[in-house]
Amino acid sequence: MINIRRPAISRAMTRLVFAVMALPAMTICPATIPALAQATQAVIITVHANKTIAPYKPLWNFFGADEPNFTYAPNGQKLLHELGSLGPAEHPIPVYFRPHNLLTTGNGDSSLKWGSTNAYTEKPDGTAVYDWTITDRIFDAITAAHVRPIVEIGFMPEALSTHPEPYRHTFPKGDIYTGWAYPPRDYAKWGKLIHAYAEHLKQRYGSAVDNWMWEVWNEPDIGYWQGTPEEYDHLYDITTSAIRTVLPNARIGGPESTGVASSRAEAFLRQFLEHCAHGTNTATGAKGAPLDFISYHPKGRPSTVNGHVRMDIGHQLRAIDRGMRVIASYPEWKNTPIVLGESDPEGCAACKGPENGYRNGPLYGVSVAEATMRTYELARKYGLTVEGSVTWAFEFENQPYFAGFRELATNGIDKPVLNVFRMMGKLNGNWVQADSTGALSLDDIEQVGAVGSPDINAAATSSSAGNQHELDILLWNYHDDDLPTTPVTIQLNIDGLAAAKSATAEEFRMDATHSNSYAVWQQMGSPQTPTSEQQKQLEASGDLQQSVAQHSLSIANDTAATTLQLPRQGVALVRLRWQQ
């Protein structure tokens, strides 16, 4: 990759070609127009419809949450069905959901960062008692929505914990790493629990479990695991052996460690990869352990600066980069898919505060678009495959409207961020080449972020069925600073429309005034007890809005062009259809 730094008063004219794991090197042409003057000029985005790069494979179609019991609440079921329907009906996209606390002891109550199933208890004489009633409700809700579970094996049942008291935490007060975070006092009983768990899921859901993913624990390099790295490896061996005994073809991965931001986090990931490659399996005695995907958690770091939110997309991208660099250093694992088990703008979905208020509005959505498309680019940088990037956000029951949690919906009302996933769900087929004069280089946005200048960028896919053709162009205008400014004019040029005489075009939009339920709620006066009519209006405002209706678009010399205004912190999808 060629790295050319921007002069202090200029912008780079960056050519970005997005492709799933097959992005070519980036070409950077320094501009000489001062940034202030350039802000008044149109950004030119050119899409080459006939320059196919590679097949498009979604990685954004993964979600998760701490609170598994919300999946079968009415609002949770509604949201799961919406997630399950992302993507074109003719080409369904498999959506995955990763819940914590599937084995945590309790009666099914949920609170912030807590959930429970009571799957395992013991009689006074120590006899194991398995109860799958609540876990069945969770998996029934997920699968009924045509969503595939990522079965996270955790956390430790109270009866098995080496340090059971106190067991339930009271977040946000006190320590959350209570009895559920400790190793088992009896690994044999733990192994039998996992065997029985896998056997029950196989019997209840049949061949569907072949499409599920399985993993062991969460963030064992920090307080989520109150044991040593070696004890985690032992837990991993016992757990994976029990699963594979029942499901020989189960796809199992880990370690779901935190982002590789410290020497400790990197050391944990490395020792785990070494163990899976060369260590002695403590359950089977064989060499190594099954590892079908490698998972870790990159996070961003927003702050409040002079009264406004400043994102730090670079912090999140650097975390992705560091983890990839570690994995790429192992020849044994370079071809193993990566799942970014929690890839988010910051680290705590259940936390509130002024720096997290951006989650209600369009900034959250555009930051997801930015991070997702840059993840493809980072994978190409290291020659790796990213299978999934989990957005750790779902919905919270019994909380105020638009309270500022990192969530996809609030009280049955979809937030703006969900409409970015709906737009990405319209991408299909093959990546095609897209160039933008307003794009930042990967190096700049990874190291500096989009603080001085916005990233005005695009990615596009093309698909066809017979003589019917479709081109979907995702555009975004992202800046780390959440400050008002004038919209950018985008001159969108499309070439390579061979043998097409005319086309139709339409546009979808998420920004301050489109697909934005939060703005509508504010216009209502921010009611915490909306009337039934207001609730209907809010739910409707959470849908993806068609900002420009379908219309004819002229084609001359295999080329078409259109102009649009895209506000800061906005995402748009332009769809063209034509016949040959």
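**Cysteines, helix packing and sheet order in a predicted model**

At a relative accessibility of 4%, cysteine 276 counts as buried. The model described here is predicted, and the values given below were computed from it. Under the sulfur-distance rule applied, the count comes to one disulfide, which is formed by cysteine 348 and cysteine 351, with their sulfur atoms 2.0 Å apart. The link of cysteine 348 and cysteine 351 is right-handed, with 80° about the S-S bond. Cysteine 348 has a relative accessibility of 15% and is therefore classed as buried, the limit for that class being under 20%, whereas cysteine 351, at 24%, counts as partly exposed.

Two packed helices are described by the angle between their axes and the distance between the axes. For helix H4 (residues 187-205) and helix H5 (residues 229-246), the axes come within 8 Å and cross at roughly 35°, and the crossing in which H4 passes H5 is right-handed. On the H4 side, the contact is made by Tyr187, Trp190, Gly191, Ile194, His195, Ala198, Glu199 and Lys202, which meet Glu231, His234, Leu235, Ile238, Thr239, Ala242, Ile243, Thr245 and Val246 of H5. Sorted by class, the residues in this contact of H4 with H5 are nine nonpolar, five polar and three charged.

Strands of a sheet pair through backbone hydrogen bonds, either parallel or antiparallel.

Several asparagines lie in loops. Asparagine 360 is placed in the loop between strand S14 (338-340) and helix H8 (362-382), and with a relative accessible area of 4% this residue is buried. When neighbours within four places in sequence are left aside, asparagine 360 is in contact with Phe402, Ala403, Gly404, Lys415, Pro416 and Tyr518. Asparagine 398, by contrast, is exposed, with a relative accessible area of 74%; asparagine 398 lies in the loop between strand S15 (386-392) and strand S16 (409-410) and has a positive phi of about 60° although it is not a glycine. Asparagine 557, found in the loop between S23 and S24, likewise has a positive phi, near 55°, in a residue other than glycine, and at 75% relative accessibility asparagine 557 counts as exposed.

Cis peptide bonds were also identified. The bond from glycine 154 to phenylalanine 155 is cis, with omega near 0°, and phenylalanine 155 is located in the loop between strand S8 (147-153) and H4. Glycine 254 and proline 255 are joined by a cis peptide bond with omega of about 5°, and proline 255 is placed in strand S10 (residues 251-258).

Notes. Residues numbered from 1 in each chain as written. Predicted model: local features only at pLDDT ≥ 70, side-chain atom pairs only at ≥ 80, totals over all residues. Heavy atoms only, no water. Axes fitted to C-alpha atoms, helices over the stretch in contact; angles between N-to-C directions. Helix = DSSP H or I, 4+ residues; strand = E, 2+ residues; numbered from the N terminus. Left-handed = near helix turned anticlockwise from the far one by under 90°. Contact = heavy atoms within 4.5 Å. Nonpolar A, V, L, I, M, F, W, Y, C, P; charged D, E, K, R; others polar. Buried < 20%, exposed > 50% of the residue type's maximum accessible area, 1.4 Å probe, protein only. Disulfide = S-S within 2.5 Å.
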